[in-house]
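Hi,

Here is the structure I said I would pass on.

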Amino acid sequence: MAYSVVNSVIQTLAPLIVNEAKLLSNVRRDVASIKAELESIKTFLKDADLRAETGDEIAMIWVKQVREVAYQIEDVIDEYLLDRGRRRGFGSLFQRVKIASQIQDIKRTIGEIKERADRYGFSVMQGSGSKRIERPWHDPRVASLFVEEDELVGIESSRDALTGQLISKESKRVVISVVGMPGVGKTTLASKVYGKQTVAGHFDCCAWVPVSRSYKWEEILGTMLKQFYQSELRESTTPPEIDVMGQNSLLHKLREFLTHNRYLIVFDDAWTTSFWEFIKHALPRNGKGGRVIITTRSEEVAVFCKESPWDHIHWLQPLPEEKAWDLFCMKAFQRDFEGRCPPELKDVSLRIVQKCEGLPLAIVAISGILSIKNKVASEWKRFYDSLGCELQMKPALTSISKIVLLSYHDLPYYLRSCFLYFGIIPEDYSISCGRLIRLWIAEGFIEEQRGKTLEEVAKEYLTELILRSLVQVSSKKPNGRVKKCRVHDVVREIILSKSMELNFCHVLGAENSSFNDITRRLSIHMDYNLDNVLERAKISWIRSIFLFREAKLPEKRLMSMLTRNFNLLKTLDLSDAHLVQIHKEVGNLFHLRYLSVRHTKVTVIPKSIGKLYNLQTLDLKYCLVRELPSQINRLYKLRHLLVLNYDSWNLSLDSIKGVKMRGGIGCLEELQKLWLVEANHDATNLFKELKNLQKLRKLGICKLKTKNCQDLFNGIQNMKHLKHLALCAISEHEILDLDLVSTPPESLEQLRLGGRLKKLPCWIAQLQNLQDLYLRWSSLVDDPLHELQALPNLLMLSLNEVCYGEQLSFKAGWFPKLKGLNFSSQRGLHSVIIEEGALTFLEELLIGPCQQLQEVPSGIRHLRKLTTLLFFQMPTKFINRMLPDKGQDHWIVGHIPTVKFGFKRQGLNYKLSALWEFQNYESDLKFKGK
């Protein structure tokens with residue numbers, strides 16, 4: 001963390017030295033000197049961090065001092081820039097003298113830190129390739145090797161499947177990767193299979209090889225050879241020269257030994273692809289049925305090890321709720337209640353198990369502690385409420401933290417802040433990946449890479465955290481990309497502890513409403529008045545504030561309090577707050593990069609928004625803002641302008657709202673997303689200015705008129721990077737005249753068209769990169785499926801009120817890659833035909849409303865990859881045909897894991913229910929005339 005902070009400060013100092021002509025000359029020299037010293041410190045800071053990780057108290061104190069002085073530098077510079085910004089580029093003489101004094105103090109402090117580094121011996125540890133300092137510690141994974149057979153819960157099927165793969169008759173070498181998050185039971189599973197007599201007896205020689213983060217090849221290869229020679233199946237003794245053999249000699253010796261033997265080798269906890277890249281050369285493909293098991297936290301490692309069709313990846317998931325409860329009860333109540341939970345402890349026990357989210361390591365460790373506690377509900381509740389602290393303090397629970405922190409310490413420095421950022425998010429909360437990426441960028445976590453946008457780099461960061469099994473995917477888009485993500489609740493507790501230690505973030509909850517002056521981020525998870533919290537911080541160095549509860553906002557002007565007490569803010573996320581107004585004082589938050597009032601009742605954006613010269617994201621989605629002041633065009637660093645609202649109960653073109661913008665939008669040349677802008681206000685000039693926005697990746701235009709369609713495409717046809725385009729007409733009677741478009745943006749991956757079409761534009765079929773296509777209210781005379789079916793990369797197709805025809809027909813071979821399909825029609829659709837061989841990869845199908853659809857499409861029975869089938873606003877008679885007991889069409893959908901129907905009830909969103917629940921709603925639906 002200290003490395004990341006220092007690196008950020010160095011980047012801040014560089015332009016200050018070059019561009020701040022108003023700084024006193026001696027100050028500029030001192031700033032340059034500080035920058036040089038920090039760069040010197042940075043060269044061995046990574047190694048000092050490594051010493052701190054192993055518990056070296058001197059290193060921990062020194063790293064903390066470096067981090068704090070870096071924060072101090074950041075504060076001084078930001079205060080100076082704030083004063084200069086308020087004075088329109090001319091910092092006051094007082095501020096220039098003040099910064100001179102502060103810089104002198106910082107320079108002395110850095111000099112002292114540097115002297116202490118020399119005294120402690122850090123200076124001899126140069127570069128990132130320095131030797132890791134190891135200290136003795138108890139590896140909690142060792143316990144996984146000695147789990148008794150009767151203690152196994154929830155992994156029996158995985159054990160049997162893995163055993164079958166090991167003793168199969170396949171004569172080729174087979175590599176089986178067992179991958180999953182820390183603590184999910186990878187080592188336990190592998191050890192139980194490895195230790196089975198039926199498995200061991202199938203092989204000539206076996207070896208179990210633990211792989212640490214900092215292994216030596218001589219030790220790995222030597223361990224394997226010694227275990228082979230010491231096998232009970234061999235009479236020969238271990239050659240003494242193994243201990244002195246070099247890497248290449250050991251490698252050749254291993255190959256020679258294994259060439260004529262059927263071998264089983266387990267490599268436990270491999271961290272990198274380079275491990276397999278080397279060790280595979282020691283494992284000959286000898287045609288005798290050798291088997292290799294690799295346990296790993298990294299999906300990247302698992303995929304890398306799968307080099308042939310007969311290699312396998314075994315994805316180990318957390319235990320389901322029932323199995324997690326069984327494991328908990330077996331461990332917590334084995335002494336007193338024969339593994340059964342007493343009634344008075346059931347509620348709190350269920351909450352504890354839910355907190356563990358199926359993670360066996362957490363369940364076993366926590367239930368072990370509780371097994372020796374008094375069986376009193378109040379005492380168990382106190383334990384649950386203080387679980388985060390218990391994870392750090394109780395020796396029996398620190399194993400959980402150690403396992404997770406192994407992964408944290410293995411992260412490259414650029415990922416550590418991104419990982420810790422999940423601590424700001426409440427428990428059981430999934431965050432949108434787009435929102436997370438925009439926040440990371442605003443925080444300065446994302447390093448620029450040549451040829452990539454910051455957003456693209458951030459997506460790579462998130463993907464790496466997911467591949468390392470530290471971040472969980474909550475939901476995906478039809479194209480397979482991650483939509484929302486989260487971290488395991490136990491992992492979050494460990495993140496919170498680490499964040500407090502590093503002053504990275506502080507979470508304010510009902511039981512913890514205080515914070516220190518050094519904390520950089522404040523995440524508010526409480527639902528009472530914030531007056532006291534915000535007033536208490538008279539001077540704060542906080543850079544980010546997040547509101548995750550519908551708290552009562554201060555009675556005084558919120559922005560006035562923020563600018564007075566948090567004037568160095570860079571990130572302000574007020575999504576879902578009870579907010580009705582943004583006051584003009586928001587313009588005083590000079591450093592602000594991210595402002596979100598999503599899902600609030602804000603109606604007006606003040607003109608002072610134009611003072612936020614550093615703003616990168618302005619998120620106004622689902623609030624009531626309908627027009628932006630012309631001053632918005634001064635925000636030259638703006639990357640994301642998000643404005644969208646619609647009536648989900650009565651969706652129509654008229655209900656879709658964007659924002660009106662006055663002239664000058666062409667100045668916002670850094671824009672990546674512009675979603676949505678209304679075209680019925682000076683549309684001609686708007687589309688002319690769009691030509692300047694060549695960095696746009698996502699563009700949405702609504703309230704579009706027929707006469708403006710050609711001007712629009714003239715403005716966007718040369719946008720080489722545009723991937724997402726949405727166009728909505730001003731009404732259902734207005735025609736989107738897109739026939740004359742000759743050169744649509746070639747990189748389009750998603751296209752949304754809302755409004756009448758004369759015919760399906762021929763250029764749509766030319767979009768070779770198109771993945772998602774949404775057509776609504778098109779009112780086509782001809783069925784568009786024949787023209788769309790050949791799109792080579794189409795993954796998602798949505799057709800709502802698209803044509804007047806009575807039949808939709810999907811022919812064999814059509815839509816070969818489609819994974820998601822939904823359609824609805826209130827205008828005469830009577831039947832849907834799906835031929836065998838059509839939609840072969842379809843996973844999700846949504847149908848409805850289609851009031852005149854008479855029968856369940858029988859071709860659904862051919863869709864063998866279909867996992868989810870949803871019906872919306874369909875007639876009761878139609879649903880009855882699929883009921884498990886009496887429905888004549890149940891045979892059509894019986895193979896699909898999830899079949900549900902939905903109805904809007906009392907103006908609320910859709911209520912989804914499974915087919916077997918339908919009879920509970922049937923009388924209610926008939927009463928409502930469905």
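Below is what I found in it, topic by topic.

This is a predicted model, so keep in mind that local features need pLDDT of at least 70 and side-chain atom pairs count only at pLDDT 80 or more, while totals for chains, interfaces and linings use all residues. Residues are numbered from 1 along each chain as its sequence is written, and side-chain values use heavy atoms, with hydrogens and water left out.

Let's start with a sheet. Five strands make an open sheet with parallel pairing, in the order β2-β3-β4-β1-β5. (Helices, H or I with at least four residues, and strands, E with at least two, are DSSP runs numbered from the N terminus; two strands pair if DSSP finds at least two bridges between them.) At the edges are β2 (205-210) and β5 (312-315), each of which pairs on one side only. On average, neighbouring strands here are turned by 15 degrees against each other, direction ignored. Inside the sheet, β3 (residues 263-270) and β4 (residues 291-296) pair over 5 bridges in the parallel sense, with Ile-265 opposite Val-292 in β4. Helix α8 (residues 217-229) lies across β2 and β3 and runs at about 150 degrees to β2. (Axes are lines fitted to C-alpha atoms, for helices over the stretch in contact, meaning heavy atoms within 4.5 Å, and angles run from 0 to 180 degrees between N-to-C directions.)

Next, the rings. The structure holds 24 aromatic pairs. (Rings of Phe, Tyr and Trp, the last by its six-membered ring, pair if their centres lie within 6.5 Å; planes under 30 degrees apart are stacked, over 60 edge-to-face, and the rest tilted.) One of them is Tyr-421 with Phe-504, edge-to-face at 6.5 Å centre to centre and 80 degrees between the planes. Tyr-421 lies in the loop between α18 (413-420) and β6 (431-432) and Phe-504 in the loop between α21 (489-502) and β9 (506-508), so this pair ties together parts that are 83 residues apart in sequence. Tyr-421 is buried at 0% relative accessibility, and Phe-504 is buried at 1%. (Buried means under 20% relative accessible area, exposed over 50%, partly exposed in between, with a 1.4 Å probe and protein chains only.) Both rings belong to one aromatic cluster, together with Tyr-429, Phe-445, Phe-546 and Phe-548.

Two lysines also sit over rings. The charged end of Lys-172 is over Trp-310, 4.8 Å from the ring centre, and that of Lys-698 is over Trp-675, 4.5 Å from the ring centre. (This requires NZ of Lys or CZ of Arg within 6 Å of the ring centre and within 35 degrees of the ring normal.)

Now the inside. The largest nonpolar core has 131 residues, and Leu-674 and Ile-860 touch the most other members. (Such a core is a set of buried Ala, Val, Leu, Ile, Met, Phe, Trp, Tyr and Cys residues joined through side-chain atoms within 4.5 Å.) Strand β18 (residues 724-729) gives the largest share of this core, 5 residues. A second, separate core of 92 residues includes Leu-166 and Leu-454.

Last, which strand is largely enclosed by the rest of the structure? Strand β26 (residues 868-872) is, because 5 of its 5 residues are buried. β26 pairs in the parallel sense with β25 (residues 844-847) over 4 bridges and with β27 (residues 898-904) over 5 bridges. Thr-868 stands opposite Glu-844, and its bridge partner in β27 is Thr-898.

Cheers
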